[in-house]
Amino acid sequence: QLQKLMDESSSRCQQLEGQLRESSSRCQQLEGQLRESSLRCQQLEGQLRESSSRCQQLEGQLRESEVKVAQAVSVAMEQGRVRAAGTTERLATVRTGLKQVHRSALSVADAIADVRRLAEASYHAFDKDISAACHEICHQISGVAASNRQLVSKYRREMQLRKKLHNELVDLKGNIRVFCRVRPLISEDGEGAQADMVVQPDRDDDGVVRVLTKGTWKVFDMDKVFGPESTQIEVFSDVKDLVMSCMDGYHVCIFAYGQTGSGKTFTMEGTEDNPGINQRALLELFRITEERGDDWEYSVVVSVLEIYNEMVRDLLSLRHTEKLEIKQGPEGNHVPGVTLVQVTCLQELNEVFAIGHENRATGSTKMNIQSSRSHALLCVTVHGKCKTTGTEIFGKLNLIDLAGSERVDKSGSDGIRLQEAKHINKSLSALGDVIHSLKSRSQHIPYRNSKLTYLLQDSLSGDSKTLMVVQVSPVEKNGLETVCSLNFAQRVRAVELGQAGRKVVDVSS
């Protein structure tokens, strides 16, 4: 037991020794922390002394500031008292002025009341006079309006009579009739100022068209003007009588003239759903042959030609690119060897049109995606024979879609297109020379200067009823070409070809 107690005492001593070492180590740590705390306290005491010194300095500055503020407040209060005294004086002056204004206002109010009473009295006095004057003015305006309506009605009747007499005079003198058609806006016209409308048909006179050029409106007289909203039916209704002349034995020529992209091909050929003069003219001929079928027998023969780069080509031939020649004969200029097709119905007519349209030379330029590069001529020959008398008539109808004049710098033509443009412009220039010579009654008419004018010689030499449809663009960027086309149209309109004669063979005589 003693040994056990000794072992326990030894173990306990070892534990106590360990705890003693730990306590000693802990005491050392605490002593280090105490030294650090003492050092920190010394630092804080130094900072405290510095703060106390700074506080004393600030207190001194504060006392100095308080003295300055007190002085400033004293000065400001003194200045305030001075300004207050001045303000009091000014307020007294303003109060005196306000009393005077108040007395003046009372006087003005009395004057206003007097004026109001006078105005009311004047209003009642003049009300009846004004009502009577208004009634009289309205009565006069109604009379003027009625008079204007009568004048407009008389003007329109006189205009219709003038046109009738003019047409009769045209028939007697053989003048070339000239129609003008203004096409509507299209995508090629673009946008902006260059796409502004500068062409205006007259609203009261359908024979006048105006063009805005260089800031002024220039007026052109035509036989008929069709605006951008005109339809194919409206155009043909004014052409129909001329077409009917062909059935009575006259030679008739209708041709479209104008710059490229102005709508010539649309007016002459149209579209499948909206045909132009060509197809409507043939349909009218068929209608007349059927209408006169009990008394007359008719045959209608057509040919389709084009003048491409000064070459005459047969568009109905299998060899449509072959060059043909123009010859003179008893019946006028003609093209030997050209394909002649007799047509009796609309289906046959459409087949002929389709072949001719497919073979015609076209191309694309900057001004026209589908530009005609040749002059196209639809030649219709009508032979009629009366069943009872044996009298025969021979009529011709030439329907011509001229290629459009173009400025190469605007159309962007080059290569083949440039050569085509040169030939087109040259032939149109030759047409202008012929018109000038006819107008001036020259001894020599230069028909042979171009295949176009040579082929048109019969239509321009006095034995034909001729109509020109001048097509114009309505926008600013084409204004120069529009004026040129209308100037040419007026020159054409002044040409006198002489009265056309009928081609009739009277068997009884």
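Tutor: One cavity of 30 Å³ or more is counted. On a 1 Å grid over the protein atoms alone, a cavity is a set of points where a 1.4 Å probe fits but cannot get out. Grid points are joined across faces, edges and corners, and a volume is the space filled by probe spheres set on the points. The largest cavity holds about 50 Å³ of space. This is a predicted model: local features need pLDDT of at least 70, side-chain atom pairs count only at pLDDT 80 or more, and totals for chains, interfaces and linings use all residues. Residues are numbered from 1 along each chain as its sequence is written, and side-chain values use heavy atoms, leaving out hydrogens and water.

Lining residues have an atom within 4 Å of a point. Among them are Ile307, Tyr308, Arg373, His375, Glu420 and His423. Strand E7 (296-308) and helix H7 each give two or more residues to this lining. Helices (H or I, at least four residues) and strands (E, at least two) are DSSP runs, numbered from the N terminus. H7 supplies the largest share, four residues. By type, the lining has three nonpolar, five polar and three charged residues. Here Ala, Val, Leu, Ile, Met, Phe, Trp, Tyr, Cys and Pro count as nonpolar, Asp, Glu, Lys and Arg as charged, and the others, Gly among them, as polar.

Next, a loop. Ser464 sits between helix H9 (457-460) and strand E16 (465-472). Its side chain has a polar atom 3.0 Å from the backbone oxygen of His251.

Conventions: Polar contact = N/O pair within 3.5 Å; in protein donor to acceptor, adjacent residues only side chain to side chain. 1 Å grid on protein atoms, 1.4 Å probe; cavity = no way out; pocket = protein on both sides within 12 Å on 5 of 7 lines; lining within 4 Å.
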